Amino acid sequence: SIDSTGSASSPSLIFNGDDDTGIYRSGSDTLTIATGGNDRLTIASNGAATFSSTIAATSATFTASTASMSLVKPNQGNFSLSFDGSNSNIASNSSGATINLQPSSTTRMSLAVGGTLTTFPLANKPAVFNANSVDADFQVKSSGNANMLFVDGGTNRVGIGKSDPAR
């Protein structure tokens with residue numbers, strides 16, 4: 001057994017010649033890994049892991065029985081990803097949250113907390129829905145009309161104010 005509680009700058013378990021890198025007990029039932037005298041990973045008794053440093057996206061892997069992950073920015077809110085076996089969810093508790101899809105350094109689609117969906121297609125390129133040409137309908141709803149604009153993917157017909165557009 002190791003009797004010393006330790007600290008980030010002086011962990012209880014160290015590597016020879018590197019006194020500020022190792023593992024220590026930072027609290028009751030809490031284990032912390034430190035490198036360079038700084039806390040990097042803390043694991044609480046409930047299994048929650050807190051990273052105290054920037055993690056390169058190419059090296060981070062998270063696995064949990066609940067299939068969810070939260071990223072917290074102190075005093076600014078959190079962002080979470082979850083999967084329940086059939087549904088994937090992206091969420092933020094920030095009142096002004098916007099989720100952006102950026103396949104490169106430029107945002108191509110944005111979903112604001114109020115539900116506004118904005119697309120930013122490339123110049124001279126269309127915004128395409130149903131790119132695989134499957135039998136899928138497209139619908140735009142308004143406050144008084146569930147079928148303000150309706151595109152029937154099976155009949156290739158467009159209706160305004162109708163769910164069953166005729167020729």
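Buried means under 20% relative accessible area, with exposed over 50% and partly exposed in between, using a 1.4 Å probe and protein chains only. A strand is a DSSP run of E with at least two residues, and a helix is a run of H or I with at least four; both are numbered from the N terminus.

This is a predicted model, in which local features need pLDDT of at least 70 and side-chain atom pairs count only at pLDDT 80 or more, while totals for chains, interfaces and linings use all residues. Residues are numbered from 1 along each chain as its sequence is written, and side-chain values use heavy atoms, with hydrogens and water left out.

On one side of the sequence, β3 is joined to strand β2 (residues 18-27) by five bridges, and the two run antiparallel. Strands pair if DSSP finds at least two bridges between them. Tyrosine 24 has threonine 32 of β3 as its bridge partner. The two strands form a hairpin with two residues between them, and aspartate 29 in this turn has a positive phi of about 55 degrees.

Strand β4 (residues 38-43) is also antiparallel to β3, with five bridges joining them. Here leucine 31 stands opposite isoleucine 43. This hairpin has two residues between its strands, and glycine 36 in the turn has a positive phi of about 60 degrees.

The chain as a whole has 14 strands and zero helices. Of its 167 residues, 12% count as buried.
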